[in-house]
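Here is a short note to read beside the model. Please go through the points with the coordinates open.

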Amino acid sequence: MLEKLFKLKENGTTVKTEIIAGLTTFMTMAYIIALNPNLLTDFGLKGGNLWNGVFLATCIASAIGMFVMAFAANKPFAMAPGMGLNSFFAVVVANISGLTGMAYLESFQAALCIILIEGIVFIALSILNVREKIVEAIPLGVRLGIAPAIGLMLMNIGLGSNAGIYSENGGPFYAMRDFFGALTPRLAKTSMGSGYTGMVLTVVTMFVGLFVIVVLAQKGIKAAVIIGMLVASVINWAGQAIFLHTNPFDSLKTASFLPPFQDMAETTLFKFNFSGFAQIGWFTVITLIVTFCIIDMFDTIGTLVGTASRAGMLDENGKMPKMKEALLADAVGTVVGSATGTSTVTTFIESASGVEAGGRTGLTALTTGIVFLACMFLAPVAAIIPAAATSSALIYVGVLMITGLKNIDFADITQSVPVALMLIAMPVSGSIGHAIGIGLISYTVIKVFTGKAKDVSVLTYVLSFIFLIKFFLVA
């Protein structure tokens with residue numbers, strides 16, 4: 001049955017490989033299950049009931065988006081509320097509260113109307129093939145540069161911002177900035193105070209995990225990434241017990257394994273505040289919808305194209321089969337997210353870890369989606385996976401994706417400059433969409449002023465103009 005549904009043999013994979021890939025993807029993105037409700041509720045300060053509602057919405061909307069990806073597109077990509085987009089959503093909610101005088105919960109429910117409209121717009125654009133046409137309008141050179149740029153972004157996340165350490169001296173302190181960035185270990189120890197021991201444990205964890213993954217991958221072991229993460233986790237847990245004198249499993253003793261459905265029903269489930277939404281003002285509403293659409297559209301497009309490129313899923317023209325269905329999955333996820341209580345659902349770059357583990361079909365996405373649903377009951381277990389262990393996987397996958405640079409013609413300045421700018425912009429800005437925008441604008445400008453304006457398609461001109469408006473006129 002699974003063979004018929006997902007065409008495993010045709011895609012050169014097996015049930016075992018796909019399940020391992022799905023679990024690998026989950027482990028690298030499990031952080032979103034707790035982080036998303038933290039960001040949208042100011043770490044629970046805006047109400048514990050709301051936190052519980054967003055927590056369940058994160059699990060449900062992500063899972064449904066992945067189920068659509070699995071059965072409609074048969075692709076191994078995972079989805080969840082997008083990082084960056086959720087922070088922006090939280091800012092929007094706070095601004096709505098300040099603008100209208102509504103309570104945070106009412107403002108949250110009004111902002112969900114914006115996400116609902118965005119999702120409906122995306123469903124329409126996906127069905128009408130508009131989003132697919134936008135993908136095709138991205139010049140081939142820029143498309144080829146997306147995967148390496150995402151690779152640098154993954155490495156930046158893994159080394160720079162995934163595992164933060166706090167101490168009496170403040171924080172968060174990060175490995176690349178505060179450990180490797182220090183002139184000497186003595187200065188790093190002074191700046192981080194008691195957090196220095198935790199930082200050393202973090203660095204050891206991520207590099208041991210990375211080396212285990214590399215060695216096992218070289219030996220052809222498909223489960224290399226997930227085994228490396230498990231080894232790193234065990235080292236981190238042992239280090240916490242021995243050097244930090246803490247029990248990493250303490251949280252399990254008092255954790256509740258019962259999903260808080262009642263809290264969700266009271267705060268977020270179909271709680272659209274249309275009357276509050278009308279108080280925002282139409283110009284502001286339209287601006288917000290357009291902003292969410294632009295960021296989400298190009299984050300998703302970039303992730304799909306970049307990850308598919310690494311997996312060998314693109315044809316000779318740089319196009320991915322069933323792109324329409326893959327784009328529809330995140331649109332459906334976004335609508336479900338608005339109805340259950342979370343911000344925009346988008347394709348996660350951590351999908352690359354599952355692809356690297358051998359995932360090639362929708363069975364990978366289905367596996368990840370099932371585990372997300374299970375996390376409604378097992379969230380405390382997912383929460384004990386150390387961030388440093390996921391860093392190992394992110395760094396490894398990032399390195400592999402950078403190898404896509406070999407497909408770019410660096411002798412052609414119209415390709416090399418846009419790609420180089422994307423390589424810098426993506427990890428620095430933290431946005432796939434913004435980096436693609438910079439790549440499109442630079443490509444268009446170079447072509448026009450080198451007498452090759454006819455090489456640029458009309459839609460590419462339009463996209464470049466839209467990004468110029470976004471960068472300079474839309475806050």
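**Notes on core, cysteines and a bent helix**

1. C113 is buried, at 1% relative accessible area (buried is under 20%, exposed over 50%, partly exposed in between; 1.4 Å probe, protein chains only). The sulfur of C113 lies 15 Å from the closest cysteine sulfur, in C293, too far for a bond.

2. C375 is also buried, with 3% relative accessibility. The closest cysteine sulfur to that of C375 belongs to C59, 5.8 Å away, again too far for a bond. The structure has zero disulfides (pairs of cysteine sulfur atoms within 2.5 Å).

3. A caution on the basis. This is a predicted model: local features need pLDDT of at least 70, side-chain atom pairs count only at pLDDT 80 or more, and totals for chains, interfaces and linings use all residues. Residues are numbered from 1 along each chain as its sequence is written, and side-chain values use heavy atoms, without hydrogens and water.

4. The largest nonpolar core holds 138 residues (buried Ala, Val, Leu, Ile, Met, Phe, Trp, Tyr and Cys joined through side-chain atoms within 4.5 Å). Helix α4, residues 48–73, gives the most to this core: 14 residues (helices are DSSP runs of H or I, at least four residues, numbered from the N terminus).

5. M69 is among the residues with the most contacts inside that core. Beyond four places in sequence, M69 touches residues including F77, L304 and A365 (contact: heavy atoms within 4.5 Å).

6. Check helix α19, residues 362–382. Of its 21 residues, 15 are buried. A kink of about 90° sits at M376, shortly before P380 (angle between axes fitted to the seven residues ending there and the seven starting there).

Terms used
Helices (H or I, at least four residues) and strands (E, at least two) are DSSP runs, numbered from the N terminus.
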